[in-house]
Each structure stands twice: as structure tokens, then as C-alpha cells.
Amino acid sequence: MSIDDLIKKDSSFSESGFISKVDNTYVMLLTAIMTGNMDRVKHKISEDIYNKYKSYVDDLSSKNEKQMYGEPNVKSTSIISINENDDSYIIDVELISRYLDYIIDTNTHNMVSGNNDTRVEKSHILTFTKKKNAKEEGAVRKCPGCGASIDANSSGICSYCGTPYDTATYDWVLTKIA
């Protein structure tokens, strides 16, 4: 399927908007890992990815360690393939990023492993999925619980009533990282 085919089927799709969303989600994931707060990105990723990285963060925490990604930067993002199945659209992208990659001891703040002097460059294949029957959300996202405006990039939780914002109902969700 081509981008033009996808646009015909999903008029809300924009290539530049999608690429921006991919980059933002990736940086949010790195930040969530560094801060140890996976709930901050939970609404933008699949349950499998959430569980994988939550387990990683918890394992490091049990050893009084923290993963650090210094100076994260997305070098490039490009769509590799667009597919569809009975209920979803699936887009694979190649994302090339650069960052300092190291682990610190949370008590001493000394580096345990990695390199905090030289950026590494990594290529990842990310898969994003969107339900075909996704609801239109408009320019302003509204809380499904109380109707208040909600910033789905912050935590995915309404700051007024605490209702979680289910991104999968409306938008693209990161479902795989290779």
C-alpha cells in the first residue's frame, strides 16, 4: 500500500504529522526509561512494549541502577512499508537515532557501564498500528470521563478526573521495536 492509498482510506493521515508523532513517541519512550516512569508513555505504546520496558526499568531499579540516554536526537525517520489487515493499518518505519548510552548507580551517580562521552548511532524498525475504525478526535482532545481538554502527550491521564486517555481508540500506537 502506498501513502496515497492510505490517505484515500484515512483522510486524517499526514506523512509529516505521522513522522513527527513517531519521533515524539520514541523520545518520550527514552525519557520514560530514564526517569523510571513508564506510565508517562503507556498511552502511546502497546501493552507488550510497556511490559518489556517496565520490566527493564524495574530490573535496573532493583540493582540501584538507571539507564541514561544523554543528548537524544532523531537523525532520520522514514516509512518503510504500509500494510493493512482486517481491522488495522500498520506502518513500519526506520528510525535512526543518536545518544549517549550508559547506566549509572542511583546512589553514587557513578557510571556503571556504557559510554557517556561518545554518542552511539542506532537504527530501529518501529511498527505503529492504528485501528481502521479509530474515532475522530478533532484538534482538541477531550477526556472521555469529564470532557475536559486533555494533553495526550503529557501522561495520558486526565488531570481533572484521572480517567486514562486510550490513544489506541483514536491514533497510532507503537506496537513493535526491532
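Please keep in mind that the model is predicted. I start with the overall make-up. The chain has 178 residues, and 39% of them count as buried. It holds three helices and four strands. Read from the N terminus, the order of elements is α-α-α-β-β-β-β. The chain exposes about 9500 Å², with carbon and sulfur atoms supplying 46% of that area. One more figure concerns contacts between residues at least 6 apart in sequence: 62% of these join residues at least 24 apart.

Now the sheet. The four strands make an open sheet, in the order β1-β2-β3-β4, and their pairing is antiparallel. Which strands stand at the edges? They are β1, residues 65-84, and β4, residues 173-177. Each of these has a single partner strand, so one side of each is left without a neighbour in the sheet. Direction ignored, neighbouring strands are turned by 30 degrees against each other on average.

Let me take the pairing of β1 with β2 as an example. You can follow the pairing at two places. Isoleucine 82 stands opposite isoleucine 91 in β2. Glutamine 67 stands opposite isoleucine 103, also in β2.

What lies across the sheet strands? Helix α2, residues 15-35, lies across β1, β2, β3 and β4, where β3 is residues 111-131. The helix runs at about 150 degrees to β1.

Searching the whole structure gives five aromatic pairs. One of them is phenylalanine 18 with phenylalanine 128, an edge-to-face pair with 5.7 Å from centre to centre and 80 degrees between the planes. Phenylalanine 18 belongs to helix α2 and phenylalanine 128 to strand β3, so this pair links parts of the chain that are 110 residues apart. Both phenylalanine 18 and phenylalanine 128 are buried.

Phenylalanine 18 also pairs with tryptophan 172. Here the ring centres are 5.1 Å apart and the planes stand at 70 degrees, so this pair is edge-to-face. Tryptophan 172 is in the loop between β3 and β4 while phenylalanine 18 is in helix α2, so the pair ties together parts 154 residues apart in sequence.

Are these two residues buried or exposed? Phenylalanine 18 has 2% relative accessibility and counts as buried. Tryptophan 172 is buried as well, at a relative accessible area of 5%. Taken together, ring pairs link Phe13, Phe18, Phe128 and Trp172 into a cluster.

Note on methods:
Residues numbered from 1 in each chain as written. Predicted model: local features only at pLDDT ≥ 70, side-chain atom pairs only at ≥ 80, totals over all residues. Heavy atoms only, no water. Pairing = 2+ DSSP bridges. Helix = DSSP H or I, 4+ residues; strand = E, 2+ residues; numbered from the N terminus. Axes fitted to C-alpha atoms, helices over the stretch in contact; angles between N-to-C directions. Contact = heavy atoms within 4.5 Å. Phe/Tyr/Trp six-rings, centres within 6.5 Å; stacked < 30°, edge-to-face > 60°. Buried < 20%, exposed > 50% of the residue type's maximum accessible area, 1.4 Å probe, protein only. Areas by Shrake-Rupley, 256 points an atom, 1.4 Å probe, with all protein chains shown as cover.
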